[in-house]
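Here is a short briefing for a first look. Keep the sequence and the model side by side as you read.

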Amino acid sequence: MRYIFGPVFSRRLGLSLGVDLVPHKICSMDCLYCEVGPTTEKTVERAEYVPLSGVKAELDEFLAFKPELDFITFSGYGEPTLHSGLGELVRYLKENYPDYRLALLTNATLLYRDDVIEDVKGIDVVLPSLDAATQPTFEKLNRPVKGLMVDDVIAGIGRLIKECDCQTWVETLFVKGINDSPEEVEKLGEVIHALKPHKWQLNTVARPPAYGVEGLSYEELKGIADRVGYPNTEIVARGGVKRRKLPLPDLKEEIYNLVVRRPCPLEEISDALGVSPEEVERAVEELKREGRVKELLFGGEPYVKGLSG
Ligand code: SF4
């Protein structure tokens with residue numbers, strides 16, 4: 001498969017099938033923290049970067065098995081709204097696979113445009129990024145195409161919230177020493193309170209970034225969340241999860257209830273339940289001995305699968 005990947009489990013979207021609409025690495029920005037690597041083609045030109053017929057064919061092939069998914073997600077390399085066929089693909093999926101919910105991970109740089117707003121109508125959850133509220137910080141951190149203004153990004157997210165029926169979960173990724181100053185946080189807070197997204201999700205650098213930058217601790221993210229005081233705030237950073245301690249029998253039940261619905265790798269179970277990997281491993285070993293779960297290989301990675309009945 002060239003254009004779809006996964007399904008992968010994420011804390012924000014659950015089990016999601018990824019659809020990659022632009023090749024490595026075409027984007028309107030070149031963020032310091034990008035996990036995909038440096039942008040090689042920085043552009044705001046919309047085009048059919050990968051053939052829509054190929055994407056549809058792969059989706060048809062995969063969805064023919066009626067897999068259990070929480071979302072089909074437009075994400076992957078680069079910025080998905082750069083694909084000029086996004087709207088057509090959204091309509092195709094809604095007409096042919098109406099039971100699946102659609103999500104879009106976007107850097108929000110094109111949302112101020114009428115054609116892009118039309119294309120994202122029909123998507124169930126849109127997750128736009130907004131890392132800065134001032135132009136100098138936007139340019140330093142996100143390194144957008146020349147001439148792109150952060151006020152247009154903010155206006156685009158505003159249009160999304162006003163004109164589309166989707167859930168809007170705005171994500172801000174904090175980078176040490178760049179967008180975490182009291183002034184920037186205050187401005188960001190004002191923008192978030194004015195936009196009123198369904199959720200404001202705080203993240204930080206968790207995987208190797210394109211350029212040498214550092215993330216914030218959970219306590220620092222929590223401090224920002226408390227200062228801004230937006231009601232629907234979530235800290236979604238990987239290292240920011242508070243680990244829970246659960247009695248073994250309760251943990252076993254939670255794991256079983258998760259993997260009986262869909263197989264998951266150990267790491268994802270640990271992330272999803274907020275429990276340390278060691279404790280998850282111990283509970284899974286017991287569940288295996290009791291014959292309630294088994295391990296299977298998928299894409300070379302071990303998954304835990306619940307056995308019903
Ligand atoms: S917008 Fe996303 S894909 Fe583009 S450079 Fe930034 S993090 Fe990477």
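Predicted model: local features only at pLDDT ≥ 70, side-chain atom pairs only at ≥ 80, totals over all residues.

K66 counts as exposed, because its relative accessibility is 68%. The residue sits in the loop between α1 (52-63) and β5 (71-75).

**Backbone geometry**

- Most residues other than glycine have a negative phi, and most peptide bonds are trans.
- A108 also has a positive phi, of about 70 degrees, although it is not a glycine.
- A108 belongs to the loop between β6 (102-106) and α3.
- With a relative accessible area of 0%, A108 is buried.
- The peptide bond from H24 to K25 is cis, and its omega is near -15 degrees.
- K25 lies in the loop between β2 and β3 (26-27).

- D20 is part of strand β2, which covers residues 14-20.
- D20 is buried but has no salt bridge.
- The nearest side chain of opposite charge belongs to R2, 9.8 Å away.
- The D20 side chain does reach the backbone nitrogen of Y77, at 3.1 Å.
- Beyond its neighbours within four places in sequence, D20 is in contact with residues that include Y3, F5, V50 and Y77.

**Helix α5**

- α5 spans residues 150-163, 14 residues in total.
- From first C-alpha to last, α5 reaches 20 Å, close to the 20 Å expected at 1.5 Å a residue.
- Its buried residues are V150, V153, I154, G156, I157 and L160.
- Seen down the axis of α5, these buried residues fall within an arc of 155 degrees, so they line one face of the helix.
- The face turned away from the buried side carries D151 and K162, which are exposed.
- Cover for the buried residues of α5 comes from elements including α3 (114-120), β7 (125-128), α4 (135-142), β8 (167-174) and α6 (182-195).

**Q167 in strand β8**

- Q167 is placed in strand β8.
- Q167 counts as partly exposed, at 32% relative accessibility.
- Q167 and D124 are 43 residues apart along the chain, yet their C-alpha atoms are separated by 6.3 Å.
- Leaving aside neighbours within four places in sequence, Q167 is in contact with D124, V125, V126 and H198.

**Salt bridges**

- The whole structure holds 18 salt bridges.
- One of them joins the side chains of D30 and R143, at 2.8 Å from N to O.
- That pair links distant parts of the chain, 113 residues apart: D30 is in the loop between β3 and β4 (41-42), and R143 is in the loop between α4 and α5.
- D30 is buried, with a relative accessible area of 6%, whereas R143 is partly exposed at 27% relative accessibility.
- E234 and K199 form another salt bridge, with their closest N and O atoms 3.3 Å apart.
- This pair also links distant parts of the chain: E234 is in strand β10 and K199 in strand β9, 35 residues apart.
- E234 is partly exposed, at 31% relative accessible area, and K199 is partly exposed at 21%.
- K288 and E285 meet in a salt bridge of 3.2 Å, N to O.
- Both K288 and E285 lie in helix α10 (residues 277-289), three residues apart, about one turn of the helix.
- R46, R113, D115 and D119 are linked in a salt-bridge network.

Terms used:
Residues numbered from 1 in each chain as written. Heavy atoms only, no water. Helix = DSSP H or I, 4+ residues; strand = E, 2+ residues; numbered from the N terminus. Buried < 20%, exposed > 50% of the residue type's maximum accessible area, 1.4 Å probe, protein only. Lys, Arg positive; Asp, Glu negative; His and termini not counted. Salt bridge = Lys/Arg side-chain N within 4 Å of Asp/Glu carboxyl O. Polar contact = N/O pair within 3.5 Å; in protein donor to acceptor, adjacent residues only side chain to side chain. Contact = heavy atoms within 4.5 Å. Expected span 1.5 Å × (residues − 1). Arc of directions from axis to C-beta.
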